[in-house]
Amino acid sequence: MLLWLSTTPFSVFMQSDPWAFPVAESVHVAALALTVGTVAIVDLRLLGWAALDRPVDELCA
Amino acid sequence: MTVEALQTLHILGIAAVLGPALMISRSLWGARGAGTVQASLRRYVPALWAGLAVLAATGASMIVADPARELGNPAFRVKLVLLAAALVFLEALRRAPPRSASLKSRALAAASFALWLAIVAAGRWIAYSGAG
């Protein structure tokens, strides 16, 4: 199965294109950071540790 | 500390910058419920700077660990220039916040957030653009 996967056209493209892997990594890191960053903002509010002057409804709107 | 641990902390630092950067850009854009630019700056700039401090500390450690990999790497130089531009923009925004939801402020909101994303991409590119 692993062997089959590594021979699919998409896999070959990801392996051989000089831009494909770095672009995928960059998008992955940025999306990861945005997920963690925005979740942290909401969680800190829900924990009551930050932004207490701001209603949760508004933050989550 | 291992380079892997430094890289992990570096990515968490990126999260601490991109979250606040997104919130500031949203208020500049005039997004619903995002609040004024001034309120957004007051709320999120401290966290953004804390993230930048983590990034500077972990980044400097990684440079010291392997100076040839970063210094002299074209992607690293591009990253520093983009970072300087993002910081200049942030300071300009703090001094004279434009009216949000105008065409100009929306363009600035999109451009400044794109700048942060470009810095992240340039950082990842260090692994590919160096002499090795």
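Helices (H or I, at least four residues) and strands (E, at least two) are taken here as DSSP runs, numbered from the N terminus. The structure is a predicted model, in which local features need pLDDT of at least 70, side-chain atom pairs count only at pLDDT 80 or more, and totals for chains, interfaces and linings use all residues. Residues are numbered from 1 along each chain as its sequence is written, while chains are lettered from A and ligands numbered from 1 in the order in which they are written. The model scores ipTM 0.86 and pTM 0.91.

Chain A contains four helices and zero strands, in the order α-α-α-α along the sequence. Its C-alpha atoms fill a box of roughly 55 × 25 × 20 Å along the principal axes. The radius of gyration of chain A, taken over C-alpha atoms, is 20 Å, whereas a compact globule of 61 residues would have a value near 10 Å; the globule rule is 2.2 Å times the number of residues to the power 0.38. A residue is classed as buried if 20 or more other C-beta atoms lie within 10 Å of its own, exposed if 12 or fewer, and partly exposed in between, with C-beta atoms placed from the backbone. By this criterion, buried residues make up 10% of the 61 residues in chain A.

A:Val12 is found in helix H2 (residues 9-16) of chain A and counts as exposed because it has 11 C-beta neighbours inside 10 Å. A:Val12 and A:Asp53 are 41 residues apart in sequence, and their C-alpha atoms are 52 Å apart in space. A:Ala51 lies in the loop between H3 and helix H4 (56-59) of chain A. This alanine, A:Ala51, has a phi near 55°, a positive value in a residue other than glycine. Most residues other than glycine have a negative phi. A:Ala51 counts as partly exposed because 16 C-beta neighbours lie inside 10 Å.

Chain B consists of five helices and zero strands, running α-α-α-α-α from the N terminus on. The C-alpha trace of chain B spans about 45 × 25 × 20 Å along its principal axes. Buried residues account for 37% of the 132 residues in chain B. Two residues are in contact if their C-beta atoms, placed from the backbone, lie within 7 Å. Of the contacts in chain B with a separation of 6 or more, 79% are between residues 24 or more positions apart.

Between the chains, 16 residues of chain A are in contact with 17 residues of chain B. Helix H3 (residues 20-46) of chain A gives the largest share of the chain A side, 13 residues. That side divides into 11 nonpolar, three polar and two charged residues, where Ala, Val, Leu, Ile, Met, Phe, Trp, Tyr, Cys and Pro count as nonpolar, Asp, Glu, Lys and Arg as charged, and the others, Gly among them, as polar.

A nonpolar core is a set of buried Ala, Val, Leu, Ile, Met, Phe, Trp, Tyr and Cys residues joined through C-beta atoms within 7 Å. In the largest such core, of 35 residues, those touching the most other members are A:Ala33, B:Ile14, B:Val17, B:Leu18, B:Ala21, B:Trp116 and B:Val120. Two or more residues each come from H3 of chain A and from helix H1 (3-29), helix H2 (37-65), helix H4 (74-95) and helix H5 (103-129) of chain B. H1(B) supplies the largest share, 10 residues. Leaving aside its neighbours within four places in sequence, B:Leu18 is in contact with A:Ala30, A:Ala33, A:Leu34, A:Gly37 and B:Trp116.
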